[in-house]
Amino acid sequence: MRFDRTIHIAGTGVFLPPAVPVQPAVDAGLVDEAHRDLGYETVTVADQSAAVDMAVEAARVAVRRSGIPPEEYDLLLHASLWYQGLDMWASASYVANQSLGARALAFDVQQRSNGGMGALHLAAGQLAAGAAETALVTTGDRFAAPAFNRWGSQFYTIFGDAGTALALSTRSGVARLLSCAVASDNTLEKWGRGSTPFGTSPGQEAPVQVLRRAAEHAATPEAEGSWERIEAQMLRVRDEALADAGAGVEDVARAVVPFIHRGGGQGENYDLLGFGEKKSLWEFGRTVGHLGAGDQPAGLNHLLERHLVAPGDLVLLIGVGVGFSFTAAVLEVTDLPRW
């Protein structure tokens with residue numbers, strides 16, 4: 001989808017709690033052998049802050065940077081991967097009220113690690129259609145024990161805590177959203193379910209056995225060829241988004257891909273996508289961990305805050321979420337932020 005109506009990234013914001021070195025967790029036996037050599041140096045760990053409150057802090061920064069009064073925002077989409085602080089609760093409405101006030105229409109978006117990118121796609125569609133002039137996309141995740149084991153709950157991943165925000169506007173900004181592409185392969189949903197029977201209430205497993213479910217499915221004939229199907233969809237959204245932006249892989253200055261790492265000489269997502277580590281943000285990702293739904297907004301914020309991109313540069317954002325869903329977006333930097 002190419003956006004003929006101009007859609008700007010008007011502001012970004014990130015709340016990162018303190019970074020904790022991984023090695024002490026290894027020494028304490030919290031990190032199993034499969035997760036020890038993934039390349040993470042530190043991960044961000046929130047001792048007190050709830051996921052939604054980290055999202056609120058990031059949202060306030062993005063709104064302030066946008067220069068748009070909070071009460072003028074039309075829409076807020078809040079994405080998350082994990083627990084938001086209460087069961088059976090409208091977390092998006094809380095984030096909206098605390099950062100924008102009563103007026104903004106607020107919805108929660110849940111599609112695992114692709115939630116933030118999926119929310120960006122949905123918000124941009126509303127702006128492109130003229131249903132909104134401004135939107136705020138937020139994410140918030142805190143992977144706290146004992147319900148979640150941040151050190152070993154998913155393949156190739158150690159989880160970090162964060163809140164992130166992107167302010168979108170049809171008025172002005174520091175980058176222009178040129179295109180978005182989405183795809184899915186719902187036959188892959190069993191990677192998150194395995195053979196586990198459905199329960200009647202949350203909290204019946206502590207920690208939640210995400211990795212065990214994936215291992216159960218991996219042992220079945222149905223899993224054969226899954227990685228190739230995942231690769232194909234990642235390349236599909238990359239190519240579609242770039243084509244709609246009138247660009248090729250060689251035109252991309254930086255690529256923000258999920259902060260997961262296979263290590264051990266295995267091919268990485270940025271290799272598959274044609275960028276190599278230098279164009280990726282792994283140097284940042286290895287210091288924060290996989291931020292649930294927030295890797296891409298956090299990465300874009302990192303690039304803009306540190307002036308690691310310049311006007312005219314193209315940035316590719318790629319999201320992948322267990323289920324599986326895939327999103328790519330191409331942005332053109334239009335101005336260096338003065339944040």
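Guide: Helices and strands are here DSSP runs, numbered from the N terminus, a helix having at least four residues and a strand at least two. The model itself is predicted. In these terms, His307 lies in the loop between helix H10 (295-305) and strand E10 (314-321).

Visitor: Why is Met88 called exposed?

Guide: The cut-off for exposed is over 50%. Met88 has a relative accessible area of 90%, and is therefore exposed.

Visitor: What makes the contact of Glu72 and Arg171 a salt bridge?

Guide: The criterion is a side-chain nitrogen of Lys or Arg within 4 Å of a carboxyl oxygen of Asp or Glu. For Glu72 and Arg171 the N to O distance is 2.9 Å, so the pair qualifies. The pair links distant parts of the chain, 99 residues apart: Glu72 is in the loop between helix H2 (51-66) and E4, and Arg171 in the loop between E7 and E8. Glu72 is partly exposed at 33% relative accessibility, and Arg171 is partly exposed at 46%.

Visitor: How do you know that Arg338 forms a salt bridge with Asp335?

Guide: The closest N and O atoms of Arg338 and Asp335 are 3.2 Å apart, and the limit is 4 Å, so this pair also meets the criterion. Arg338 is exposed, with a relative accessible area of 71%, whereas Asp335 is partly exposed at 29%. Elsewhere, salt bridges that share partners join Glu205, Arg212, Arg213 and Glu216 into one network.

Visitor: How do you know that E1 and E8 pair?

Guide: Pairing requires at least two bridges found by DSSP between the strands. E1 and E8 have two bridges, in the antiparallel sense, and therefore pair. Ile9 stands opposite Ala175 in E8. E1 also runs antiparallel to E7, to which seven bridges join it.

Conventions. Residues are numbered from 1 along each chain as its sequence is written. This is a predicted model: local features need pLDDT of at least 70, side-chain atom pairs count only at pLDDT 80 or more; totals for chains, interfaces and linings use all residues. Side-chain values use heavy atoms; hydrogens and water are left out. Buried means under 20% relative accessible area, exposed over 50%, partly exposed in between (1.4 Å probe, protein chains only).
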